[in-house]
Amino acid sequence: MSSTPKYYVVWRGREPGIYRTWEACQQQVAGFPCALFKSFKSEDEAKAAFANAPEPNSASGAPHADAASQGADHAEKPSDTRSYKPAAGPKGCPPPPPDWRHDTVLPLPPEVKADALAVDAACSGNPGPMEYRGVYLATGQQIFHYGPVHGTNNIGEFLAIVHALALLKQRGRTMTIYTDSRNALLWVKARKCRTKLERTPRTEQLFQLIERAEQWLRTHDYSDIPIIKWETKRWGEVPADFGRK
C-alpha cells in the first residue's frame, strides 16, 4: 500500500472543504446525493481545485451537471484520444469520468478542456419561458443562471455566451466557452442578436437585456477567449443542458 499522502476536495457534501484522509472525506460524501469530490496528489493542487473555480452567483436551484467522483488514485491520461463510454453513475447523477481524467469530475471527452465554461439555454415553447446558465467543467458547478423570462432558445443561447464573456472579463479570467448553438456563435461574431421575436411590453425587459449584451460586445475585446462549438453528436449533451428533451 502506498504511503503517498492524498488530499481530498469535497465540492458537494455535508461540509465542503479539503480533507487529508479518505476516511474524513468519506464521512462528508457517503450517502450524500450526487456528492462531488476528488483526490489530489498535493495540497497545492487540492487548494487550487477548491478555490480557483469561478464563484457561483446567488441564484437558487441546484446544478444539474453533478457527478460522484471516486476517491481512488487517478492514472495519467493516455496519449491517444480513444472514445470513452462512461459507466452508469449513481441514480439521478451523471457518470464519473474515466480514471485517467483527473482534471474534472464530469465524463468529458478527451479533447474537451476542463478549465472551461459550458453554456446552454432552455425554452418551453417558441417563444415561451426561457432560461440560461453556465457550468464550470472542472467541477460541474453552476456559475450563473438567468430566468425564466419570455423569450426564445436562440436568444437564451446568445445571452448565455455574452454573460460568460462578461463574467470572465470582470474576474480577469481567460478560459474556453463551449456552446451547442451555431446561431448564437454567429450572432456573437456579428455582435448582433438577430432575433425575429417581436418587441412588446411582455418582452421589453428581455430586449433591454439584449441591447446591453450587444453594447458590451461592441465595447469590449474578447478575442483572447475561445468560443467553441460543442459537438453534440460526438460528445453527447453539453454539460450545461437543462435535461428537458
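Visitor: How many disulfides does the structure hold?
Guide: The structure holds zero disulfides, and please keep in mind throughout that this is a predicted model.

Visitor: And what is a disulfide, in general terms?
Guide: A disulfide is a covalent bond between the sulfur atoms of two cysteines.

Visitor: Is cysteine 25 buried or exposed?
Guide: Cysteine 25 counts as buried, because its relative accessibility is 0%. Cysteine 123, with a relative accessible area of 21%, is partly exposed, since buried would require a value under 20%.

Visitor: Let's zoom out. How many helices and strands are there in the chain?
Guide: The chain has six helices and eight strands, and along the sequence they follow the pattern β-β-α-β-α-β-β-β-α-β-α-α-β-α. Of the 245 residues in the chain, 47% are buried. If you take the contacts between residues at least 6 apart in sequence, 65% of them join residues at least 24 apart.

Visitor: Helix packing next. At what angle do H3 and H4 pack?
Guide: Helix H3, residues 153–170, and helix H4, residues 182–190, pack at an angle of about 55 degrees, and their axes are 8 Å apart. That angle is why H3 is described as oblique to H4. The crossing in which H3 passes H4 is right-handed.

Visitor: Which residues make that contact?
Guide: On the H3 side the contact is made by Asn154, Ile155, Glu157, Phe158, Ile161, Val162 and Leu165, while H4 contributes Asn183, Ala184, Leu185, Trp187 and Val188. The residues of this contact of H3 with H4 divide into nine nonpolar, two polar and one charged.

Visitor: Ile155 is on that list, so what else does isoleucine 155 touch?
Guide: Leaving aside neighbours within four places in sequence, isoleucine 155 is in contact with Met130, Trp187, Cys193, Thr195, Leu197, Leu206 and Ile210. Isoleucine 155 lies in helix H3 and is buried, because its relative accessible area is 0%. The C-alpha atoms of isoleucine 155 and proline 127 are separated by 9.9 Å, with the two residues 28 apart along the chain.

Visitor: Where is proline 127 found?
Guide: Proline 127 is found in the loop between E4 and strand E5, the latter spanning 128–136. The peptide bond that joins asparagine 126 and proline 127 is cis, with omega about 5 degrees.

Visitor: What joins glycine 147 and proline 148?
Guide: A cis peptide bond joins glycine 147 and proline 148, and there omega is about 5 degrees. Proline 148 lies in strand E6, residues 141–151.

Visitor: Back to E4 for a moment. Is aspartate 120 buried or exposed?
Guide: Aspartate 120, which is found in strand E4 (residues 116–123), counts as buried because its relative accessibility is 2%. Not counting residues up to four places away in sequence, aspartate 120 touches Glu131, Tyr132, Arg133, Glu157, Ala160, Asp180, Val238, Ala240, Asp241 and Phe242. Among them, Glu157 also belongs to the H3 side of the contact with H4.

Technical notes: Residues numbered from 1 in each chain as written. Predicted model: local features only at pLDDT ≥ 70, side-chain atom pairs only at ≥ 80, totals over all residues. Heavy atoms only, no water. Axes fitted to C-alpha atoms, helices over the stretch in contact; angles between N-to-C directions. Helix = DSSP H or I, 4+ residues; strand = E, 2+ residues; numbered from the N terminus. Parallel < 35°, antiparallel > 145°, perpendicular 65-115°, else oblique. Left-handed = near helix turned anticlockwise from the far one by under 90°. Contact = heavy atoms within 4.5 Å. Nonpolar A, V, L, I, M, F, W, Y, C, P; charged D, E, K, R; others polar. Disulfide = S-S within 2.5 Å. Buried < 20%, exposed > 50% of the residue type's maximum accessible area, 1.4 Å probe, protein only.
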